[in-house]
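Open the model in a viewer and have the selection tool ready. The stops below go from single residues to the whole chain.

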Amino acid sequence: MKALQIEKYGAIEDSLVFNEISKPTIKPNDVLIEVKAAAINPIDKSIILGNLQSMLPIAMPSTSAYDVSGVVVEKGNAVNNFDIGDLVYARVPQEQMGTLAEYVAVTTDAVSKKPGNISFEEAASLPLAGLTAMQSLERAGIKENDKVLIHAGSGGVGSFAIQYAKAKGAYVYTTTSTSNVAWVKALGADRVIDYKTEDYKKIAQDVDIVFDTLGQNYSLEAFEVVKQGGIVVSVVGPLDEDSAQMFGMADYKLPTELAKASSAKNAVYKFIFMYPNGQHLETIKTLVEDEKIKPIIDTVYPFSKSIEAFVHLASGRAKGKIVIKVS
């Protein structure tokens with residue numbers, strides 16, 4: 001079967017190549033999915049560039065990407081919750097990475113039937129961004145009437161997070177650039193902050209939850225806007241001590257400035273490392289079918305143009321998700 005593989009770390013155009021490889025063999029709890037569409041994400045770009053070698057080492061060559069939608073064509077002998085012919089979607093686990101291929105084997109714990117009211121391309125756009133946003137906001141204990149600041153509202157995670165927070169009944173502040181203000185407002189955000197002309201720290205004040213999708217200075221600045229006793233959840237900032245222990249960093253301590261800022265507000269800082277979860281995708285499926293969440297797609301590329309899709313991803317200019325139609 002054909003697959004887009006990473007042959008070495010480095011520049012996208014130099015590192016990716018189409019190869020003919022063997023069709024995956026399934027384990028007892030796996031399903032084999034004929035891939036209809038796959039989405040690509042910033043983590044995929046970072047893996048190619050070699051930025052995550054210490055955290056997520058891969059063997060070379062490795063097939064790229066994690067998000068998938070498609071059709072179940074085989075199932076393991078222990079699988080009783082899916083049937084041949086089921087239309088499904090998933091964010092595959094790290095050890096099964098490789099959705100930019102004609103087939104992918106996935107443990108059923110990570111799989112859900114896809115929403116029935118959207119296309120394969122739209123379904124493929126949801127898993128990683130949706131799980132990241134949902135798990136982050138739920139870890140923060142989001143509830144009705146919470147004030148939530150979501151950075152980068154036009155991105156894949158941010159655009160989903162806005163919709164999820166509104167579905168939970170929260171009041172949503174979000175940041176974006178001038179050209180995206182109207183588009184992000186249409187997603188449901190209550191106050192869209194144009195970071196090119198406005199200071200978000202003067203507008204979003206005493207919020208219950210800050211969802212940090214930008215890292216760097218934004219992780220620290222979050223404590224300027226979160227309320228006393230609030231919570232900051234980050235998917236790109238420094239690790240918290242619990243997350244560090246997961247990676248075997250027993251002596252890790254939260255950076256001093258961040259620890260001081262958190263203590264001054266009696267606030268909690270949590271780093272969120274998204275994990276595949278089929279049950280969470282079932283929840284997202286229901287939200288999509290109830291029209292509380294809609295997929296946001298920037299561009300759909302044919303499989304043959306996958307490398308161009310990664311170049312587009314690396315530009316950082318996508319509004320919503322970049323999806324590759326495999327078959």
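Select Ala-65, which sits in the loop between strand 4 and strand 5 (67-75); helices (H or I, at least four residues) and strands (E, at least two) are DSSP runs, numbered from the N terminus. Ala-65 is not a glycine, yet its phi is positive, about 85°. Next select Met-60 and Pro-61: the peptide bond from Met-60 to Pro-61 is cis, with omega near -5°. Pro-61 lies in the loop between helix 2 (42-49) and strand 4 (62-63). For background, most residues other than glycine have a negative phi, and most peptide bonds are trans.

This is a predicted model, in which local features need pLDDT of at least 70 and side-chain atom pairs count only at pLDDT 80 or more, while totals for chains, interfaces and linings use all residues. Residues are numbered from 1 along each chain as its sequence is written, and side-chain values use heavy atoms, with hydrogens and water left out.

Now colour the two domains, whose bounds come from an automatic or database domain assignment: domain 1 is 2-126 + 295-325, and domain 2 is 129-271. Their contact (heavy atoms within 4.5 Å) takes 9 residues from domain 1 and 12 residues from domain 2. The C-alpha centres of the two domains are 27 Å apart.

How much area is buried between domain 1 and domain 2? The figure is about 800 Å², with carbon and sulfur atoms giving 66%; buried area is the accessible area (1.4 Å probe) that two parts lose on being put together, summed over both. On the domain 1 side, select Leu-126, Ile-296 and Lys-319, which lose the most area to domain 2, together 57% of what that side buries.

Across this interface the rule finds 0 salt bridges, a salt bridge being a side-chain nitrogen of Lys or Arg within 4 Å of a carboxyl oxygen of Asp or Glu.

Finally, show the whole chain as a cartoon: there are 12 helices and 16 strands. Along its principal axes, the C-alpha trace spans about 55 × 45 × 40 Å.
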